[in-house]
Amino acid sequence: MKRFSPLSIVLLALSSLIVVLLTVLKKGVPVVASVDSDPERLNVDSSVLRALLWYSDTGADGWTNGSGYSLFGNDSDSDADCSDVHKVNKSMRCDFTKTTDDCSVDEGFVDYTVFAYCQFTPSLLPLALVILFIWWLFLFIGLAITADDYFCPALTVISKTLHLSHNIAGVTFLAFGNGAPDIFSAIAAIGNAKNGEAGLAFGALFGAGVFVTAVVAGTIAIIHPFNAMQRPFLRDIVFYLAAVFWTFSVMWDKKITKIEAIGFILLYIVYVLVVVLGRYIYQRFKTPDVIGEITVKNEDKDETASDVEETGDSAGSESKPLLSSLRSETRGNVNISTESMESSPEDPSPFQQFLYAINPIDTENWPEMNLIKKIYEVFKCPMVFLLVITTPVVDYDEELHKWNRYLNSLQLTTGLLFASLATKVGLNTIGGSFPVWALVLIIGVSLSLLVFFTSKNDQQPKYHPLFAYVGFVVAVVWIYSVANEVVNILQTFGVVFSISNAVLGLTLLAWGNSIGDLIADTVMARQGYPRIGISACFGGPLFNLLLGIGIPFTIATIKKGDYELSITLEEYVLAGFLALSLLTSLIVVPLSKFRMSRPYGIGLIVLYVIFLVVALLTESNVITADIN
């Protein structure tokens with residue numbers, strides 16, 4: 001599972017700033033207000049800083065552009081594009097963002113474009129952008145923590161309570177947990193798309209695909225050359241190529257129908273059947289001493305990988321085609337642990353256990369942390385605290401399976417109330433007067449009292465696994481809500497810096513979703529398990545692409561019918577380079593007798609650098625083409 005370490009945060013921040021600076025330099029956009037800025041910059045309200053307006057040297061006296069729309073026209077803003085904000089006078093940009101439909105937010109809670117253009121003066125533009133970037137980074141960390149520490153454990157318990165086999169659990173529930181941030185980001189991007197502009201979703205899915213199949217796979221090959229697993233490698237890469245070419249055909253038609261959207265989900269189901277049946281046939285006709293069962297726990301996975309490396313049976317190492325980046329089992333959780341309680345000379349009281357449980361800071365390891373880790377621990381603690389008090393976690397590896405009578409009772413109220421408000425269902429009323437959130441609160445309090453008076457402090461109740469289902473629902477709401485905010489911030493960056501959604505997707509969103517895989521998979525390679533890392537480089541992005549397109553477009557087509565796509569040249573460049581990366585691996589690796597060598601890894605990284613250069617040149621209109 002993707003996990004943001006302090007090192008990955010630094011890498012993500014630096015890479016993001018580099019992209020923003022390159023774009024600013026390319027566009028020639030000033031980043032500091034001049035001395036003769038708009039006089040309105042002096043009127044700063046103490047409660048709300050006014051008018052962050054992207055500072056440009058426009059001399060227009062009114063709010064008009066080449067299209068002739070006006071602020072006060074009856075139909076002035078309905079067809080205007082939000083990026084046209086740069087064409088209007090600085091003093092009118094706040095009103096423009098408030099009244100232009102394209103600038104409005106369909107999903108989410110904060111209109112960041114209005115925040116950027118109405119809450120700060122032009123001279124405070126750098127401060128506004130820094131605030132938005134820090135908030136985006138905070139939300140991205142929260143997205144990873146939610147998926148890693150709450151969503152995946154819930155899916156693990158659910159798969160066990162449903163008695164699913166390791167194979168089926170591996171390519172369904174646990175794979176979904178691994179790709180949850182990518183999929184929910186795609187759902188949010190398509191849900192917030194205006195006029196069919198799904199470039200952010202395509203950019204993130206394709207951009208992450210190119211990054212993982214080129215940079216991550218190439219880095220693993222450079223660090224630890226090895227022989228690839230033949231059948232799983234060919235299976236995953238062929239399915240991935242089929243998914244990419246199908247997506248390209250949809251983009252070429254510039255329309256996706258309900259049947260096509262559902263077809264992406266059905267293709268993934270076919271893939272699951274191929275994995276399961278292939279595993280069954282493989283086990284049936286191979287000798288019993290071959291190890292190849294998909295495992296859920298890391299200790300089993302490591303043992304399997306170690307045995308495979310020693311025997312040299314590349315075919316027998318077919319383990320976890322989608323989930324080899326799953327790392328949530330071996331790392332420490334978010335400090336909802338009872339280990340610290342054992343260190344006290346006396347058993348803590350139930351209320352003290354509750355206080356330990358809701359503490360968002362890892363106080364046990366705090367003295368050993370360096371400065372960066374301490375800053376990171378403090379930075380993420382607000383999100384961790386909110387997750388702890390709202391999202392139940394059942395973990396069979398923890399004492400009492402992470403049961404805490406006080407906390408679990410509280411979570412039934414806070415979790416249900418949060419879910420109702422975050423989905424905005426709680427804002428509706430029953431009979432025009434009684435709010436839904438009040439009904440949810442009554443139900444939550446009743447369940448909390450029921451649990452509290454039917455359970456003990458020192459023993460988890462028999463119904464404790466049901467908390468995993470509650471945690472699953474609340475974690476889904478958290479992921480979707482945070483993903484919406486992440487996407488909205490990125491779209492605001494696109495408006496402010498005049499960056500297309502496709503470029504935002506292939507850089508900030510794709511790197512954010514993939515940098516955890518880069519760190520973790522390269523660590524696995526250094527430890528001598530490159531096959532575990534390489535299997536995720538093709539199976540994981542395949543899962544994200546099929547469901548990242550299938551689920552949101554199925555929802556969209558059910559609501560609105562056939563979905564018309566607004567495709568730019570950048571999306572075609574993304575699809576083309578992803579296909580090129582996959583074809584390169586499909587041709588080179590078999591010709592090398594499935595040897596992942598250092599020259600092969602260097603070639604993949606060079607390919608990714610070329611891809612970035614071509615994508616940025618396309619964005620800056622240096623490379624153009626008629627795609628109509």
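Visitor: By class, how many nonpolar, polar and charged residues are in the lining of the second largest pocket?
Guide: There are 12 nonpolar, 17 polar and 11 charged residues. Gly counts as polar here. This is a predicted model, where local features need pLDDT of at least 70, side-chain atom pairs count only at pLDDT 80 or more, and totals for chains, interfaces and linings use all residues. Residues are numbered from 1 along each chain, and side-chain values use heavy atoms, leaving out hydrogens and water.

Visitor: Which residues lie nearest the centre of that second largest pocket?
Guide: Asp81, Glu197, Ile499, Ser500 and Asn501, out of 40 lining residues. (A pocket is an open set of points on a 1 Å grid where a 1.4 Å probe fits, with protein on both sides within 12 Å along at least five of seven lines; lining residues have an atom within 4 Å of a point.)

Visitor: Which element gives the most to the lining?
Guide: H17, with five residues. Elements giving two or more residues include helix H3 (112-118), helix H17 (466-497) and helix H18 (501-526).

Visitor: Is Lys402 buried or exposed?
Guide: Buried, at 7% relative accessibility. (Buried is under 20%, exposed over 50%, partly exposed in between, with a 1.4 Å probe and protein chains only.)

Visitor: And what about Lys593?
Guide: Lys593 also has a positive phi, about 60°, in the loop between helix H20 (569-591) and strand S6 (595-596). Lys593 counts as exposed because its relative accessibility is 73%.

Note on methods. Helices (H or I, at least four residues) and strands (E, at least two) are DSSP runs, numbered from the N terminus.
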